[in-house]
Amino acid sequence: MELYIQEEQISEHLQKRLERFRADYPVADEVKRRVSKPDMPFFGKEILEMAVSALLEGENILLCGDKATGKNILAENLAWMFGRPVYNMSFHVNTDSGSLIGSDTFVDNEVKLRKGPVYQCAAYGGFGILDEINMAKNDAVSVLHATLDYRRAIDVPGYERVALHPATRFIGTMNYGYAGTKELNEALVSRFMIINMPPLSMERLEQILKNIFPHIKPDALEQFCGLFLDLQLKAKNGEISTKAVDMRGLIGAIRLIHGGLEPIEAVEMGIINKTFDNFERELISDIVMTRIPDTWKSGDVF
């Protein structure tokens, strides 16, 4: 953990405050399994320092931006750096107050509360990741209001009032323009410090892919990064949808190439086939062909 922080060149002042935070708030044994190192680091010193500073001051943060800007990666890395257990909550049409706080269940011939992720996060000082928070129904949002503001408490109907552990923080993420999303109301937005995530740059993309695939050849690295940026630009201009602008798909494709699959076939599985419209798939195929020659073999990439 320390090496990671130093590699990102976070200020010495923030490093010391993080060390004190972890020392002041040890993790309970029963939730230590929830403290896990992310699969990849987050690259971006300025954004990282903004987020760490806000969380150290007791604020909750909302990460906004387009698809594939690293919102969830940042959230996971922050939880790891603070040494906190993670509670992921993905919002959708069926997410309600009961699924967040908990609901009654029958155990040993008596009614007991089955504690939900917000309740557990509050009790154990976890970092709650509120994924796609702009898809939350009003019923779910009402739970968040008291939890996120100065009261830092949850009223569980029929049970006790639960005060948030002093280490508890919430990190919301939201994409713009997804189906089913809506504008967040002013009361909810006021409970967060907002960070607008910048689009991925060539430098950040190369850092990410080089970190995951240290043996990738320089020319291949440049072409795969260029392909992603080309797709990102086409989507921004409205020429294609954002379905093919998929960082997980790109990483998966390169992983398949590393396993021996031909590059064009791997990219077809990871990028091209993410859209099911034939016309759009042809457009994406043309973009791919400008970057990834169909004559390439796995040995041309690794």
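**View A. Buried residues of helix α4 in a predicted model.** K71, L74, A75, N77, L78, A79, W80, M81 and F82 of α4 are buried, meaning under 20% relative accessible area with a 1.4 Å probe and protein chains only. Nine of the twelve residues in α4 are buried, and the helix is mostly covered. Helices (H or I, at least four residues) and strands (E, at least two) are DSSP runs numbered from the N terminus. This is a predicted model, in which local features need pLDDT of at least 70, side-chain atom pairs count only at pLDDT 80 or more, and totals for chains, interfaces and linings use all residues. Residue numbers start from 1 along each chain as its sequence is written, and side-chain values use heavy atoms, without hydrogens and water.

**View B. The end of α4.** G83 follows α4 and has a positive phi, near 70°.

**View C. The open sheet of five strands.** The strand order is β2-β5-β8-β1-β9, with parallel pairing; two strands pair if DSSP finds at least two bridges between them. Because β2 (86–90) and β9 (193–196) stand at the edges with a single partner strand each, one side of each has no neighbour in the sheet. Neighbouring strands are turned by 20° against each other on average, direction ignored; axes are lines fitted to C-alpha atoms, for helices over the stretch in contact, and angles run from 0 to 180 degrees between N-to-C directions.

**View D. Strands β2 and β5 with helix α6.** β2 and β5 (residues 127–131) run parallel and are joined by five bridges. Y87 has G128 in β5 as its bridge partner. Helix α6 (residues 117–124) packs on the sheet and touches β2, β5 and β8, contact being heavy atoms within 4.5 Å. The direction of α6 makes about 155° with that of β2.

Conventions:
Buried means under 20% relative accessible area, exposed over 50%, partly exposed in between (1.4 Å probe, protein chains only).
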